Amino acid sequence: MSLAKSVVWLRGTAVELVDRLVPKSALKLLVHPKFHEFIGLDRIDAVGVWIDNKFMLKRRQKITAKQQTSISTQDYLRTHFCASPFEQLETTPTGLAYVCCPVWLPTPIGTLDTDPQKLWNGDIAKKLRESIIDGSYRYCNHVHCAAITSRTLMPRDATRAQAIIVRHESGTTSLPEHVKLSHDKSCNLSCPSCRSSTYLANSTRQAKLDDLTEKTLVPLLREAKSVLVTGSGDPFGSKHFRNLLKRLNGGEFPDLKIDLISNGQLLDPRAWEELGLKNRVRNVEISIDAAEADTYAIVRRGGTFARLLKNLAFLRDMRRSGEIAQLTYSMVVQALNYKQMPAFVRMSEDYAADTISFNMIRQRDVFAKDEYVEAFIGSPDHPEYEDFLKVLDAPELAQRNVLIGNVREYARPSVLAEAAE
């Protein structure tokens with residue numbers, strides 16, 4: 001075996017070796033908040049970035065490369081089109097840039113400190129776009145991608161899809177129309193489905209983020225139609241993103257629309273006014289994960305249900321007045337909350353949701369396997385799996401405004417048929 005092939009093999013198997021060889025007690029220690037405090041969150045974060053870029057990324061790519069796609073999904077992909085790789089750029093805390101969600105399409109196009117034109121129009125980006133045009137979607141994870149599992153891609157013969165294809169084949173290039181900023185993990189909560197402890201970037205890290213934004217991201221945003229903040233933490237719990245939102249309030253971005261993803265705890269009238277968000281925000285998504293206060297206290301660690309409902313009432317008023325164009329509430333489905341899915345739909349409608357979104361919990365990292373097995377209600381081996389399937393029969397989940405995402409992969413065929421209709 002050549003040296004190059006040996007390196008590839010080692011990277012591909014490192015995660016499996018760690019999981020098998022390191023004692024479970026040691027793995028649990030590595031994610032314990034007290035251990036993080038002792039070592040220091042900055043060091044933990046640096047190690048986490050290295051592990052993700054060197055090993056976890058390769059693991060996600062390996063899983064995607066070996067995925068078995070059903071005939072029905074293959075037929076669907078050949079006749080439908082995804083515009084994301086042609087129009088969207090997403091930043092990440094690991095310093096890499098993607099043309100879609102890194103879990104849905106786990107192949108980065110380069111590093112964030114690359115010249116914007118070279119990053120967006122590089123060889124890797126071109127290969128990813130070609131995989132959409134040829135209908136293979138071979139770099140996409142067909143299970144994790146909600147657009148594929150929910151069958152929400154546009155038809156390939158749609159006018160917009162054909163225009164994108166013609167533009168690509170002609171060699172006409174432009175910078176992304178839509179930018180998703182997820183390069184700061186700072187958040188006011190520490191939800192178990194996302195992280196093991198609270199993370200707030202220190203002043204040194206914030207300075208680096210601000211420098212990166214001015215050098216790379218602001219040039220991208222001057223040509224963008226929309227920017228989303230954030231898929232990695234909370235836009236109001238991050239000092240960096242709060243500063244960025246203020247920065248985007250200047251005359252350089254008169255037509256730029258802002259989309260927000262937040263846990264909602266800090267999204268109140270005061271923050272709206274302080275950051276100058278009036279008439280600038282298009283869509284808002286609030287990740288909630290519960291319909292009851294007791295469950296919320298566990299799955300949204302650090303937040304309070306009463307404060308959430310107060311801020312949801314504020315958002316409801318904003319939606320009804322037309323200040324916000326689209327309002328979405330989302331849930332990460334897990335053992336702790338799956339029974340509340342129907343109630344979550346009803347609660348979301350009470351607070352003026354246009355869309356209610358569900359996605360199955362996924363493994364956060366290799367050091368949380370036991371915790372993940374207990375939470376992953378989508379496994380047939382889970383003791384409550386049959387109860388989970390019964391919940392999926394609830395009529396609330398078959399409504400048109402409900403996106404059941406990759407949760408559909410674990411539903412009965414009858415439920416799949418109802419959702420498709």
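**Close-up views of a predicted model**

View 1. Strands S7 and S8 run parallel and are joined by four bridges, where strands (E, at least two residues) and helices (H or I, at least four residues) are DSSP runs numbered from the N terminus, and two strands pair if DSSP finds at least two bridges between them. Leu228 stands opposite Asp259 in S8. The open sheet is formed by ten strands with mixed pairing, in the order S4-S3-S2-S6-S7-S8-S9-S10-S11-S12. Strand S4 (110-111) and strand S12 (402-403) stand at the edges with a single partner strand each, so one side of each is left without a neighbour in the sheet. Helix H16 packs on the sheet, where it touches strand S10 (326-333), S11 and S12, and its direction makes about 150° with that of S11; axes are lines fitted to C-alpha atoms, for helices over the stretch in contact, with angles from 0 to 180 degrees between N-to-C directions, and contact means heavy atoms within 4.5 Å.

The model is predicted, so that local features need pLDDT of at least 70 and side-chain atom pairs count only at pLDDT 80 or more, whereas totals for chains, interfaces and linings use all residues. Residues are numbered from 1 along each chain as its sequence is written, and side-chain values use heavy atoms, with hydrogens and water left out.

**View 2. The salt bridge between Asp259 and Arg282.** The side chains of Asp259 and Arg282 meet in a salt bridge at 2.5 Å, N to O, the term being used for a side-chain nitrogen of Lys or Arg within 4 Å of a carboxyl oxygen of Asp or Glu. Asp259 lies in strand S8 (residues 257-262) and Arg282 in strand S9, so the pair ties together parts that are 23 residues apart in sequence. Asp259 is buried, with a relative accessible area of 9%, whereas Arg282 is partly exposed at 29%; buried means under 20% relative accessible area, exposed over 50%, and partly exposed in between (1.4 Å probe, protein chains only).

**View 3. A salt-bridge network that includes Arg247 and Glu214.** Glu214, Arg222, Arg247 and Glu252 are linked in a network of salt bridges. Within this group, the side chains of Arg247 and Glu214 meet at 3.1 Å, N to O. Arg247 lies in helix H12 and Glu214 in helix H11 (residues 203-221), so this pair ties together parts that are 33 residues apart in sequence. Arg247 is partly exposed, with a relative accessible area of 26%, and Glu214 is also partly exposed, at 39%.

**View 4. Helix H8 and its surroundings.** In helix H8 (residues 123-133), the buried residues are Ala125, Leu128, Arg129, Ser131, Ile132 and Ile133. Among the elements that cover these residues are strand S1 (80-81), helix H6 (84-87), helix H7 (116-120) and helix H10 (159-169). Gly135, which follows H8, has a positive phi near 80°.

View 5. Most residues other than glycine have a negative phi, and most peptide bonds are trans. Asn279, although not a glycine, has a positive phi of about 65°; this residue is found in the loop between helix H13 (269-274) and strand S9 (281-287) and is exposed at 55% relative accessibility. Ala352 likewise has a positive phi, near 65°, in the loop between helix H16 (341-350) and strand S11 (355-360), but Ala352 counts as buried at 15% relative accessibility. The peptide bond from Val229 to Thr230 is cis, with omega near 0°, and Thr230 is placed in the loop between strand S7 (226-229) and helix H12 (239-247).
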